[in-house]
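User: I would like to learn how to read a two-chain model, beginning with the fold and ending with the interface. Please take it step by step.

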Amino acid sequence: MIGFIEATISGILMGGLYGFIAVSLSLIFGVAKIVNFAHGALFMVAMFLVYWILVLLKVDPYLSSLIAAGFLFFFGYFFQRLFIEPILRREKETAPLTVILLTSGLMMIIENVALLLFGADYRTVKTGYTGKVWEIAGLFIAQPRMIGFVLSFILILLLGLYLRKTNLGRAIRATSQDREAARLMGIDDYRVYKITFGVGGIMLGFAAAFLVPFYFVHPAVGELFVLKSFVIVVLGGLGSITGAFLAGIIVGIIESLGAQFINSALVESLIFIIFIGCLVVKPTGLLGKQRE
Amino acid sequence: MSWNRTLFALAVLAAVLFPLVVRDPYFLHATITVLLFAFLGSSWNIIGGLAGQHSFGHSAFLGIGAYVSTILFIYWNVPPFLGMIIGGIIAAIASIGIGYPCFKLRGPYFALSTLAFTEIFRIIATTTEQVGPVDIKGAAGILISFRPGNSFVNFQFAEKAYYYYIILAMLILILFIHNWIEKSRWGLYLAAIRDNEDAARSIGINARRFKILALMISAFFGAMAGTFYAQFFLYIEPTLFSSALSIEILLIAIVGGAGTLMGPFLGSLILTPISELTRTYLGGTYAGVQLIIYGGVLVAIMMFAPQGIIPPLAKRYRMLFERRA
């Protein structure tokens with residue numbers, strides 16, 4: 001029983017991070033309708049950034065998360081500006097297929113350049129809290145997971161506030177609801193896309209930094225997260241931040257319980273099966289709004 | 001029209017004579033790989049090009065074909081040529097199961113759901129060690145022991161030229177089928193669905209049925225390529241089901257020109273040698289270089305020639321002839 005509860009808690013904590021990564025993907029997918037296969041590769045870049053800062057400069061990951069977030073803002077911004085925007089401008093409409101192929105090409109490049117530079121070793125870090133646990137009511141909770149979860153939750157709340165209360169946030173939401181109407185109201189949609197990509201990058205940078213203390217760093221680490229993130233985004237409902245966070249937690253619980261009681265590889269396929277089922281039966285997801 | 005036919009006959013003649021001139025086994029091996037991927041790209045082209053449904057799950061069919069014929073061959077001595085047909089039929093049946101839910105979706109959702117399907121297959125193949133009496137060997141993959149001599153029953157040949165002629169015949173067959181579909185009434189339905197599915201449905205085209213039919217044919221030939229792959233390399237593993245391989249296949253078709261007859265061939269002619277050469281000369285030390293080049297080509301094509309190489313070329317070619325005439 002204790003094992004069950006601990007697995008559930010560990011699943012919730014990991015799921016919170018999944019949800020956080022999915023929120024950043026959902027922002028880009030939901031607003032600009034861009035299927036960004038390179039999302040995982042950007043995530044990996046941020047993880048390596050935090051890793052090297054920690055190894056070479058001995059800066060704590062939670063502090064360097066700010067650097068990673070800032071770096072990924074510009075990375076995302078120019079990623080959109082240099083590669084995706086020309087295609088969107090040329091094809092005049094949302095051109096998802098061309099963009100999927102483009103971003104998968106960029107993913108191949110980024111991942112394999114990282115492989116050339118850093119090799120295929122699984123790197124882990126040692127920090128003051130790696131492997132430390134808190135004992136709460138007889139349950140052991142890993143410290144870095146708990147910290148990552150809480151910080152992710154706070155950042156998601158801040159993102160929600162940003163989207164609701166600021167002008168740029170309102171512009172982002174307007175563009176996601178109806179691009180043409182937003183244009184007619186004088187919103188520069190391409191600028192909104194770039195900013196959205198940048199903001200998604202910020203979230204991704206934070207998520208990467210929160211993961212480094214208790215996970216491995218590897219050139220292909222992003223692949224583990226990117227497909228799962230798409231599953232979570234669809235499960236939670238496109239464009240819904242709360243939905244993505246909740247769906248992340250659900251996926252985390254399934255994974256953690258499954259790894260303990262069934263078989264971790266089969267659980268991975270179970271998640272894909274849920275994904276297909278969800279797309280077919282209820283494509284709007286848990287909290288997505290009906291839109292047409 | 002007669003010009004095209006003459007050109008085609010000349011190309012086939014050159015291809016038939018090719019192994020008589022080129023004796024170098026390494027070069028012949030590379031050529032066979034080029035033709036195999038041209039065939040794979042062409043089989044994807046039926047669903048991805050003619051019907052415009054960019055499936056990210058084509059490797060599922062390749063894997064089914066490879067595993068079915070190999071298991072039948074090793075455990076029950078079924079000749080792989082027969083196994084090829086059985087694998088093709090199983091893949092076609094599986095494609096109904098995949099197509100039925102996935103064709104409810106469009107664009108990126110369709111791509112993602114087909115990708116999820118092939119990943120499910122990969123995970124199952126990786127984790128399954130044994131099914132009844134059959135040893136699938138999970139992640140380790142299955143080695144096919146070589147039986148010496150040139151035998152059509154075993155689909156194993158000491159001389160590579162045999163493999164060359166088989167894959168060449170398969171490629172010519174699929175090009176004929178592509179051409180036939182494109183010109184048929186059904187091909188026009190597919191083109192209508194590709195260009196505007198809602199409009200096609202509004203004039204009474206049963207879009208989903210025709211898309212599933214196209215997927216079944218595509219799957220059948222994809223599985224045939226799987227059997228050829230298994231018998232040529234004599235080793236199969238779960239990565240045959242991977243989405244990365246799917247992306248490689250659709251890349252070949254798209255770089256050449258999705259939907260065009262010779263697009264996959266041209267794409268394979270450009271891309272497969274790159275991967276063969278980097279694999280041979282850079283090998284283990286720079287394992288990722290091939291994929292960096294692939295990624296670069298993909299990005300460049302998407303940014304500067306999203307229709308692939310053939311359509312702009314065809315335009316020039318046509319202009320050339322019009323000027324002469």
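Analyst: What follows covers chain A and then the side of chain B that touches chain A. This is a predicted model, in which local features need pLDDT of at least 70 and side-chain atom pairs count only at pLDDT 80 or more, while totals for chains, interfaces and linings use all residues. Residues are numbered from 1 along each chain as its sequence is written, and chains are lettered from A and ligands numbered from 1 in the order in which they are written.

User: How many helices and strands does the secondary structure of chain A come to?

Analyst: Helices (H or I, at least four residues) and strands (E, at least two) are DSSP runs, numbered from the N terminus. Chain A has 11 helices and two strands, in the order α-α-α-α-β-β-α-α-α-α-α-α-α from the N terminus.

User: What share of the residues in chain A is buried?

Analyst: A residue is buried if 20 or more other C-beta atoms, placed from the backbone, lie within 10 Å of its own. In chain A, 53% of the 292 residues are buried.

User: Which helix of chain B gives the largest share?

Analyst: H5(B) does, with 14 residues of the side that touches chain A. Helix H5 (107–127), helix H10 (243–256) and helix H12 (289–304) of chain B each supply at least two residues of that side.

Terms used
Buried ≥ 20, exposed ≤ 12 C-beta atoms within 10 Å, placed from the backbone. Contact = placed C-beta atoms within 7 Å.
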